[in-house]
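Dear colleague,

I am handing over the structure below, together with notes on what came out of going through it. Please read the notes with the coordinates open beside you.

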Amino acid sequence: VMTTGFNTLILLLSGLALLIAGRLYAKDINSSGGKRFFLISIVLGIFFLFFQGFEWVRLVNFGLTITSSIYGSFFYLIIGAHGLHVMGALLFLVVLYIYYVRNRMDSGVFLAAQFLWYFVVSLWPVLYSLVYF
């Protein structure tokens with residue numbers, strides 16, 4: 001629970017980094033600080049995803065599988081669905097970051113990406129509290 005709590009903090013920091021990136025982008029679309037915070041957000045999101053994968057392997061080694069119990073089925077369904085959404089949102093952010101670095105990013109698309117990431121990030125503490133406690 002503590003390690004996943006730390007990972008929750010990492011994901012929340014990723015959302016904060018994207019918020020800062022968005023504010024810097026709004027002030028100056030060519031802001032190097034905005035690009036830096038955008039990249040930090042992506043890196044933290046990737047860390048979250050890989051750390052969750054590490055946790056899954058550890059839980060499987062402890063005997064929690066999708067077929068071991070109702071809790072195992074529920075856990076992997078809910079957390080797995082969130083993980084897929086994180087993966088898809090991160091892919092979107094990576095593509096958008098490439099556009100941002102090339103100074104070809106559209107502000108409307110950036111706003112949509114921010115909302116998607118904020119949704120994925122804000123949903124995690126709810127899932128974490130429901131599943132882990």
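His82 counts as buried, at 4% relative accessibility, where buried means under 20% relative accessible area, exposed means over 50% and partly exposed lies in between, with a 1.4 Å probe and protein chains only. This is a predicted model, in which local features need pLDDT of at least 70 and side-chain atom pairs count only at pLDDT 80 or more, while totals for chains, interfaces and linings use all residues. Residues are numbered from 1 along each chain as its sequence is written, and side-chain values use heavy atoms, with hydrogens and water left out.

His82 sits in helix H3, residues 70-101; helices (H or I, at least four residues) and strands (E, at least two) are DSSP runs, numbered from the N terminus. Not counting residues up to four places away in sequence, His82 touches Leu11, Phe48, Val120, Leu123, Trp124 and Leu127, a contact being heavy atoms within 4.5 Å.

**Overall layout**

The protein has 4 helices and 0 strands, and reads α-α-α-α along the sequence. Its C-alpha trace spans about 50 × 20 × 20 Å along the principal axes, and 40% of its 133 residues count as buried. Of the contacts with a separation of 6 or more, 75% are accounted for by residues 24 or more positions apart. The accessible surface comes to about 7500 Å², and 76% of that surface belongs to carbon and sulfur atoms; these areas come from the Shrake-Rupley method with a 1.4 Å probe, and for residues only the protein chains shown count as cover.

**The nonpolar core**

The largest nonpolar core has 30 residues, of which Phe38, Phe75, Leu93, Phe110, Trp117 and Trp124 touch the most other members; such a core is a set of buried Ala, Val, Leu, Ile, Met, Phe, Trp, Tyr and Cys residues joined through side-chain atoms within 4.5 Å. The elements that give two or more residues to this core are helix H1 (2-27), H2, H3 and H4. Leu93, when its neighbours within four places in sequence are left aside, is in contact with Leu18, Phe38, Ile42, Ala113 and Trp117.

**Helix H4**

The 26 residues of H4 should span 38 Å at 1.5 Å a residue, and the end C-alpha atoms are 37 Å apart, which agrees; the expected span is 1.5 Å times one less than the number of residues. Among the buried residues of H4 are Phe110, Gln114, Trp117, Trp124 and Val131, and what covers the buried residues of this helix includes H1, H2 and H3. Val131, which lies in H4 (residues 107-132), is buried with a relative accessible area of 5%. Outside the four places on either side in sequence, Val131 touches Tyr71, Phe74, Phe75, Ile78 and Ile79. Val131 and Tyr71 are 60 residues apart in sequence, yet 8.8 Å apart in space, C-alpha to C-alpha.

**Aromatic pairs**

A search of the whole structure finds 15 aromatic pairs; rings of Phe, Tyr and Trp (its six-membered ring) pair if their centres lie within 6.5 Å, and planes under 30 degrees apart count as stacked, over 60 as edge-to-face and the rest as tilted. Phe48 and Trp124 form an edge-to-face pair, at 5.2 Å centre to centre and with 75 degrees between the planes. Phe48 lies in helix H2 (residues 32-61) and Trp124 in helix H4, so this pair ties together parts that are 76 residues apart in sequence. Phe48 counts as buried at 1% relative accessibility, and Trp124 counts as buried at 1%.

Phe51 and Phe54 form a tilted pair, at 6.0 Å centre to centre and with 40 degrees between the planes; both lie in helix H2, 3 residues apart, about one turn of the helix. Phe51 is buried at 17% relative accessible area, whereas Phe54 is partly exposed at 49%. Ring pairs also link Tyr25, Phe38, Tyr97, Tyr100 and Phe110 into a cluster.

**The salt bridge**

The structure holds 1 salt bridge, defined as a side-chain nitrogen of Lys or Arg within 4 Å of a carboxyl oxygen of Asp or Glu. The side chains of Glu55 and Arg58 meet in it at 3.6 Å, N to O, and both residues lie in helix H2, 3 residues apart, about one turn of the helix. Glu55 is buried, with a relative accessible area of 3%, whereas Arg58 is partly exposed, with 34%.

With best wishes
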